[in-house]
Amino acid sequence: MSSMGEDEEVSSFFESSPPLKKMEDILQKLNGFIEHNSSGGGRRIVCVTSGGTTVPLEQRCVRYIDNFSSGNRGAASTENFVKAGYAVVFLYRSGTCQPYCRSLPDDPFLDCFQFLDNTNIQVHSSHVEAVKMAVMDQQAAVAEARLLKLPFTTIYEYLQMLRLIATALKDVGPCSMFYLAAAVSDFYVPWNSMTEHKIESGSGPLDIRLAQVPKMLSILRTTWAPKAFCISFKLETDAKILIDKATKALGKYKVHAVVANELSTRKEEVVVVSSSGNVVVRRDSDKPESIVEDNLIRLIVDRHSTYIKESHS
Ligand code: 9Z3
């Protein structure tokens with residue numbers, strides 16, 4: 001058991017993390033994006049996190065622990081935030097679902113296309129709508145500087161990038177939002193105690209001790225971006241404990257709402273838990289194309305508007 005305080009655990013996590021690659025490049029893109037959207041237009045900016053973090057078992061990583069997250073929630077939410085007029089920093093796990101691409105087949109993606117002859121490759125008529133939307137909407141969002149995509153893979157990269165984004169958004173104040181849909185590992189192997197080379201096989205079972213990942217939510221709320229509107233997610237597989245866990249997280253981390261979801265029903269409904277009560281948000285089951293994020297983002301945007309008004313008065 002560690003006797004360190006929460007702040008100390010957080011600093012020690014960052015001090016021992018391998019430095020972020022291309023940090024200058026990320027910072028430059030991030031600052032340009034924030035500057036463009038906050039000055040002049042005064043657009044609201046949301047950081048949407050998406051997909052799962054990996055936990056490497058070796059410094060020169062061959063093996064890692066991963067989780068189930070597909071990135072669907074984050075991608076669908078991003079599209080809805082852009083539609084609602086927000087600029088989105090999409091912090092996503094490499095290789096997971098992308099905004100505007102949810103209707104494309106990914107397995108196998110090449111099924112989209114038809115080879116006619118050397119100069120003529122066409123999109124299959126069954127996929128024309130999906131491809132058109134993917135290309136047009138995503139290009140428009142990027143061209144208008146409404147969407148900045150930043151990929152991560154490991155828990156180390158994710159938390160360092162989240163800190164970078166939060167700190168860069170500090171001055172945007174109440175007009176900024178964190179929508180933390182990524183499935184973040186709770187346990188990890190500290191970099192200093194990780195072997196450098198591939199763990200050898202052939203010497204029997206493997207024992208690995210995982211340390212607890214320090215909870216960054218408190219520090220995000222108190223230090224990194226205290227004025228930002230903050231939405232976290234709670235995932236459980238046991239529906240019986242879900243609301244209780246979400247309510248506890250709301251109190252502990254002082255976020256503005258916790259979106260509670262159960263693994264098997266997460267695409268049908270979520271419960272938004274906040275100090276004003278619990279609201280069940282469902283997809284419209286009578287419309288096949290309806291997704292829960294359409295209704296969820298409408299509610300979150302409304303709550304954000306109220307928050308902005310209240311912070312100005
Ligand atoms: C979520 O609960 C997301 O809604 C899902 C979305 C990961 C379930 P998909 O990516 O799924 O569309 O396949 N995200 C947060 C999960 C999480 O790690 N929450 C932590 C916890 O439950 C709190 S930060 O303890």
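Student: Into which domains is the chain divided?
Tutor: This is a predicted model: local features need pLDDT of at least 70, side-chain atom pairs count only at pLDDT 80 or more, and totals for chains, interfaces and linings use all residues. Residues are numbered from 1 along each chain as its sequence is written. Domain bounds come from an automatic or database domain assignment. They divide the chain into domain 1 (6-100 + 146-227) and domain 2 (235-313).

Student: What is the mean pLDDT of the chain?
Tutor: pLDDT is the predictor's confidence in each residue, from 0 to 100. In this chain, 99% of the residues reach 70 or more. The model scores ipTM 0.96 and pTM 0.96. The mean pLDDT of the chain is 94.

Student: How far apart are the C-alpha centres of domain 1 and domain 2?
Tutor: The two domains are domain 1 (6-100 + 146-227) and domain 2 (235-313). Their C-alpha centres are separated by 21 Å.

Student: How many residues of domain 2 are in contact with domain 1?
Tutor: Two residues are in contact if their C-beta atoms, placed from the backbone, lie within 7 Å. On the domain 1 side, 13 residues take part. Their partners in domain 2 number 13.

Student: Which element gives the largest share of the side of domain 1 that touches domain 2?
Tutor: Helices (H or I, at least four residues) and strands (E, at least two) are DSSP runs, numbered from the N terminus. Two elements give two or more residues to that side: α3 and α6 (217-224). The largest share is five residues, and it comes from α3.

Student: How many nonpolar residues are on the side of domain 1 that touches domain 2?
Tutor: Ala, Val, Leu, Ile, Met, Phe, Trp, Tyr, Cys and Pro count as nonpolar, Asp, Glu, Lys and Arg as charged, and the others, Gly among them, as polar. That side has three polar and two charged residues. Its nonpolar residues number eight.

Student: Where does the ligand lie, and why?
Tutor: Around the ligand are 15 residues, the closest being S70, N72, R73, F233 and L235. Near here means that a residue's C-beta atom, placed from the backbone, lies within 6 Å of the molecule or strand. Both domains give residues to this shell, so the ligand lies between domain 1 and domain 2.

Student: Which element gives the most to the shell around the ligand?
Tutor: By class, the shell has six nonpolar, six polar and three charged residues. At least two residues come from each of α3 (72-83) and β11 (229-236). The most, four residues, come from β11.

Student: Is V142 buried or partly exposed, and why?
Tutor: V142 sits in helix α4 (residues 128-143). A residue is buried if 20 or more other C-beta atoms lie within 10 Å of its own, exposed if 12 or fewer, and partly exposed in between, with C-beta atoms placed from the backbone. V142 has 13 such neighbours, so V142 is partly exposed.

Student: Which residues does I26 touch, not counting those up to four places away in sequence?
Tutor: I26 belongs to helix α2 (residues 23-38). Because it has 19 other C-beta atoms within 10 Å, I26 is partly exposed. Beyond four places in sequence, I26 touches L150, M161 and L164.

Student: What is the phi of Y100?
Tutor: Y100 lies in the loop between β4 (87-93) and β5 (113-117). With 22 other C-beta atoms within 10 Å, Y100 is buried. Its phi is positive, in a residue other than glycine, and is near 70°.

Student: And what is the phi of A145?
Tutor: A145 is in the loop between α4 and β7 (147-152). It has 15 C-beta neighbours inside 10 Å, so A145 counts as partly exposed. A145 is not a glycine, yet its phi is positive, at about 55°.
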